[in-house]
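Here is a friendly tour of one protein model, written for someone who likes cut-offs stated alongside the values. Have a look at the sequence and the coordinates, then read on.

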Amino acid sequence: MKQTKTFMAKSEEVQRAWHLIDAADQKVGRVATHIANLLRGKHKTLFTPHADTGDFVVVINTDKMVLTGSKWDSKKYYRHSRFFGSMKIKTAAQIKEEDSSFIMHEAVRGMLPTNKMSRHLILKMKAYKAATHDHAAQKPTPYQVK
């Protein structure tokens, strides 16, 4: 009787690619789902849920991304330091003026599973406000968001 074994990918043996995503005129949620899938490696045939099989992602033009409806004014981001009275509440429009890459970072972080591996996965995403980025040496391939 022949016994087959289940293939388990090891994160050390995975070939990692670099993807370049242009967020200009794209909806934040749509782009974030594609980024989360690329970071986890769900687009690969050797995807293993408990191993890091994903790729690196560079996101550019986060200043030009789109939120639908009145979310720029109604969506709120909360930060606090666990001390009484330290809660800071800002709208998406205020965050966009300061650092628009934070909005993309939080959207992708919310779509990753909440475990120790997601803290490692989010570090593989690099977001930039403008079209210039520091990762030209890695030769990222353009990725089209459908």
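Helices (H or I, at least four residues) and strands (E, at least two) are DSSP runs, numbered from the N terminus. This is a predicted model, in which local features need pLDDT of at least 70 and side-chain atom pairs count only at pLDDT 80 or more, while totals for chains, interfaces and linings use all residues. Residues are numbered from 1 along each chain as its sequence is written, and side-chain values use heavy atoms, with hydrogens and water left out.

On those terms, the protein chain has five helices and six strands, in the sequence order β-α-β-α-β-β-α-α-α-β-β. Its C-alpha trace spans about 65 × 40 × 30 Å along the principal axes.

Now to the largest pocket. A pocket is an open set of points on a 1 Å grid over the protein atoms alone, where a 1.4 Å probe fits and protein lies on both sides within 12 Å along at least five of seven lines; lining residues have an atom within 4 Å of a point. Grid points are joined across faces, edges and corners, and the volume is the space filled by probe spheres set on the points.

| Largest pocket | Value |
|---|---|
| Volume | about 220 Å³ |
| Lining | 13 residues |
| Given by helix 4 | three residues, the most |

Val28, Gly29, Leu67, Lys71 and Lys75 are the lining residues closest to the pocket centre. Helix 1 (28-40), strand 3 and helix 4 each supply at least two lining residues. By class, the lining has six nonpolar, two polar and five charged residues, where Ala, Val, Leu, Ile, Met, Phe, Trp, Tyr, Cys and Pro count as nonpolar, Asp, Glu, Lys and Arg as charged, and the others, Gly among them, as polar.

Helix 4 (residues 101-111) also packs against helix 3 (residues 92-99), at an angle of about 120° and with axes 7 Å apart. Axes are lines fitted to C-alpha atoms over the stretch in contact, and angles run from 0 to 180 degrees between N-to-C directions. Ala92, Ile95, Lys96 and Asp99 of helix 3 meet Ser101, Phe102 and Ile103 of helix 4, contact meaning heavy atoms within 4.5 Å. Four nonpolar, one polar and two charged residues make up this contact.

Finally, His80 sits in the loop between strand 3 (76-79) and strand 4 (88-91). Beyond its neighbours within four places in sequence, His80 is in contact with Ser86 and Met87.
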